[in-house]
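The following paragraphs guide the reader through one structure, from single residues to the overall arrangement. Please keep the sequence and the model in view while reading.

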Amino acid sequence: MKIIVTFEQFHLHARRNIWIGYFAIFCRIALAAGFLPSGFVKINGERFTALANNHPMGHYLEALFYTGYYYPFIGVMQMLAAVLLLIPRTATLGALIYLPIILNITVLSLAVRFDGSLFTAPLMLTAVFFLLCWDYHKLKYILPLKQHTSEKLFPQQAKISKFPFAFFGAVFMYTIGFIFFITNIYEIMPRNSISDCERQCSDTENPENCITFCECIHEKGNSLQECLEVYEGE
């Protein structure tokens with residue numbers, strides 16, 4: 001299993017670098033900051049956004065608000081994951097709890113083309129995956145992989161203070177590439193209001209159908225799929 005051995009060697013080397021360690025701390029704090037406010041709102045029994053119910057995401061959030069104790073339960077889990085991430089000893093558990101929540105938000109945001117989390121949710125998901133890879137030496141024992149003893153030498157190795165230009169260059173390129181991808185993945189989006197929606201119509205292949213699409217979403221409250229069919233002339 002050369003791939004696993006290579007990954008473990010890379011992981012041990014990365015764990016020794018103080019700058020990548022600082023980046024891991026930054027990810028933990030940023031992820032916690034992303035869930036603490038939203039979790040508190042749910043626990044407090046307040047609506048998460050003022051998005052109109054006709055919007056595809058508005059449909060979902062309105063229904064979610066009326067799910068009884070399930071709504072604050074999500075808030076509790078969000079705040080729990082955030083708090084655990086802020087504590088070094090429990091950061092791995094926090095990332096494991098964080099993962100399914102942010103994965104669900106990411107898929108939901110992409111499915112309904114929601115501006116509010118179309119950028120942030122996938123980037124947060126990426127940060128969680130990074131933290132889980134960062135703590136691979138803890139998680140490897142629950143994975144069906146052949147175990148190696150190389151990590152026993154890890155605590156005795158000296159820290160590396162050299163700035164990892166390649167690592168942060170890759171992070172920068174990934175972020176730029178992601179922004180380019182996400183801004184070009186959809187030709188048309190519901191946006192948050194009918195006026196915002198109609199502003200994009202001049203850049204579409206069929207401006208008239210685009211306006212009809214916006215009215216279909218924001219005035220009639222039809223599903224995103226139905227309105228996309230209207231736009232495509234089906």
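Isoleucine 25 is partly exposed, because its relative accessible area of 37% lies in the middle class of a scheme in which buried means under 20%, exposed means over 50% and partly exposed means in between (1.4 Å probe, protein chains only). Isoleucine 25 sits in helix H2; helices (H or I, at least four residues) and strands (E, at least two) are DSSP runs, numbered from the N terminus. The model is predicted, and local features need a pLDDT of at least 70, side-chain atom pairs count only at pLDDT 80 or more, while totals for chains, interfaces and linings use all residues. Residues are numbered from 1 along each chain as its sequence is written, and side-chain values use heavy atoms, with hydrogens and water left out.

As a whole, the protein has 12 helices and 0 strands. The C-alpha atoms fill a box of roughly 65 × 40 × 30 Å along the principal axes. Of the 234 residues, 41% are buried.

Isoleucine 25 also belongs to a nonpolar patch on the surface, together with Trp19, Tyr22, Ile29, Val83, Leu86, Ile87, Phe163 and Phe165. The accessible area of this patch is about 850 Å² in total, computed by the Shrake-Rupley method with a 1.4 Å probe, where for residues only the protein chains shown count as cover. Patches are made of residues with over 30% relative accessible area and no salt bridge; like charges are joined within 9 Å, and nonpolar side chains (Val, Leu, Ile, Met, Phe, Trp, Tyr) within 5 Å. A salt bridge, in turn, is a side-chain nitrogen of Lys or Arg within 4 Å of a carboxyl oxygen of Asp or Glu. Helix H2 (18-43) and helix H4 (70-86) each supply at least two residues of the patch, and the largest share, 4 residues, comes from H2.

How do these two helices lie against each other? H2 and H4 pack at an angle of about 155°, with their axes 7 Å apart. H2 is therefore roughly antiparallel to H4, since angles over 145 degrees count as roughly antiparallel, under 35 as roughly parallel, 65 to 115 as roughly perpendicular and the rest as oblique. Here axes are lines fitted to C-alpha atoms, for helices over the stretch in contact, and angles run from 0 to 180 degrees between N-to-C directions.

A second pair consists of helix H7 (residues 120-134) and helix H9 (residues 165-184), which pack at an angle of about 150° with axes 11 Å apart. H7 and H9 are thus roughly antiparallel, and their crossing is right-handed.

Most residues other than glycine have a negative phi. Arginine 113, however, has a positive phi of about 55°; this residue lies in the loop between helix H5 (91-112) and helix H6 (115-118) and is buried, with a relative accessible area of 16%. Arginine 191 likewise has a positive phi, near 60°. Arginine 191 is placed in the loop between H9 and H10 and is partly exposed, at 25% relative accessible area.

Finally, aspartate 203 occupies the loop between helix H10 (194-199) and helix H11 (207-218). Aspartate 203 is exposed, with a relative accessible area of 70%. Between aspartate 203 and glutamate 187 there are 16 residues of separation in sequence and 8.9 Å in space, C-alpha to C-alpha.

Technical notes: Left-handed = near helix turned anticlockwise from the far one by under 90°.
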